[in-house]
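Biologist: Hi, could you walk me through this structure? I'd like to hear about helix packing and salt bridges.
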Amino acid sequence: MTDTTVKIHFEEEPCGRCNGTGRYSYNQRDGHVCWGCSGKKVRLSRRGKTAFEAYEKALADSAATVAVRDVKPGMRIMSQAHGGVAGNKPWDYKAAWRTVATVEVTEYTGRGVENDRYVDVPCVRAEIAFEDGKSWTAESSDHPAYWNKGAFHTIYTTLALTVGGPEAQAAREEARRAIARRFKGAWLDGEEPPVPPAPRKPKSKARKPLPANLYPGQCWLCETLVPTGEGERFKPEGDTQWKVQHKPGECPQERQEPKEAPAPAPKAPQREERPAMPNKYAGECALCGVLVEAEKGERIRVEGTWAARHPKGECPPPPGPAADGTPAVLITRHKLYPEVARRGPAWRWTYDYAVNGAAAIGYGTGLESLRDMLRSKYGRRVRIVEGWKTAVPAD
């Protein structure tokens with residue numbers, strides 16, 4: 001048996017949860033299927049949802065459905081049927097038109113939620129057997145607390161069962177035509193879908209009246225006197241002092257030319273550069289990385305700490321190759337501070353090396369591994385000079 005009455009359609013829109021893809025984050029139950037649209041990529045719009053809820057209510061109040069307690073033998077209803085168990089998971093047959101052979105209705109006390117508390121509600125259970133040998137269980141209640149969120153429900157909870165027959169088909173067609181006439185989010189077969197609503201424009205905010213000025217003052221716009229209570233007071237953005245202005249359209253004369261920019265403040269006289277202080281202790285030059293002996297260089301502030309350096313223009317040149325062509329490598333180091341606090345030292349040494357006076361090459365941490373790399377690359381006779389151990393690399 002099929003329903004040959006006119007079909008009704010409800011307005012849909014792309015699913016906002018999955019952006020119209022039908023896929024969302026993975027879960028072990030449904031995989032990547034989006035729960036917002038059940039993988040269909042679309043869902044009911046606001047107008048379509050309103051029309052669909054009204055359609056369901058209209059069907060429940062018509063002869064197109066029957067309550068669970070009113071199911072009788074011989075009725076043709078749309079219902080699922082118990083299947084079996086596959087492994088440890090039960091399965092059921094899909095909903096189809098079936099003829100009721102026998103029905104056994106039992107009343108019992110179930111659980112509902114009212115005012116955030118569990119309450120006992122009267123319920124009804126129908127054990128239905130069909131003529132094709134299958135069966136189904138339907139549970140329902142007339143108490144509104146049974147349908148509240150949080151109430152104890154089973155997979156057999158049923159609001160009403162769809163009935164077949166000419167009378168039920170006529171009731172369904174009447175409900176569909178009535179809903180299509182009343183709501184913009186629904187239409188029948190052969191009709192043009194409704195025009196989607198235009199996007200809402202943001203409401204323009206009206207200008208709030210400013211408080212009246214409590215004291216006379218010079219208008220901020222036209223630079224004329226504003227008597228007490230005849231203007232407005234406000235605080236410009238970024239300013240903490242009140243300003244006064246005439247009310248909108250009441251300025252006697254608008255200012256035509258902007259005020260002249262104030263003359264720039266005279267610069268403070270620059271201090272004469274003082275001679276650099278000598279370094280009291282030996283240390284690595286902040287410029288070239290080579291050792292500076294005590295009292296033979298200068299001390300400067302680098303990142304809040306004292307550091308030594310050679311006098312300007314006196315940094316020794318990097319070592320060059322020997323007479324027999326053996327390359328010379330100058331290794332310098334500097335402190336590397338971690339971006340995130342961790343256990344252990346607050347900094348680590350990181351090393352650079354320059355071959356035969358060429359540009360320095362960054363290596364990283366690990367002095368022993370750097371030495372082994374240089375000997376493997378340039379030979380065992382390579383001349384390695386560590387800048388923090390000698391004052392002037394000898395050629």
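Predicted model: local features only at pLDDT ≥ 70, side-chain atom pairs only at ≥ 80, totals over all residues.

Biologist: At what angle do H1 and H2 cross?
Modeller: Helix H1 (residues 46–60) and helix H2 (residues 166–182) cross at roughly 150°, their axes coming within 10 Å. H1 and H2 are therefore roughly antiparallel (an angle over 145 degrees, on a scale from 0 to 180 degrees between N-to-C directions).

Biologist: Which residues make the contact?
Modeller: On H1 they are Ala-51, Ala-54, Tyr-55, Ala-58 and Leu-59, and on H2 Arg-172, Ala-175, Arg-176 and Ile-179; contact means heavy atoms within 4.5 Å.

Biologist: Switching topic, how many salt bridges are there?
Modeller: The count comes to twelve salt bridges, each a side-chain nitrogen of Lys or Arg within 4 Å of a carboxyl oxygen of Asp or Glu.

Biologist: Which residue does Lys-296 pair with?
Modeller: Lys-296 bridges to Glu-293, with the closest N and O atoms 3.1 Å apart. Lys-296 is exposed at 58% relative accessibility, while Glu-293 is partly exposed at 36% (buried is under 20% relative accessible area, exposed over 50%, partly exposed in between, with a 1.4 Å probe and protein chains only).

Biologist: And Arg-371, buried or exposed?
Modeller: Arg-371 is buried, at 15%. Its salt bridge is with Glu-368, at 2.8 Å from N to O.

Technical notes. Residues numbered from 1 in each chain as written. Heavy atoms only, no water. Helix = DSSP H or I, 4+ residues; strand = E, 2+ residues; numbered from the N terminus. Parallel < 35°, antiparallel > 145°, perpendicular 65-115°, else oblique.
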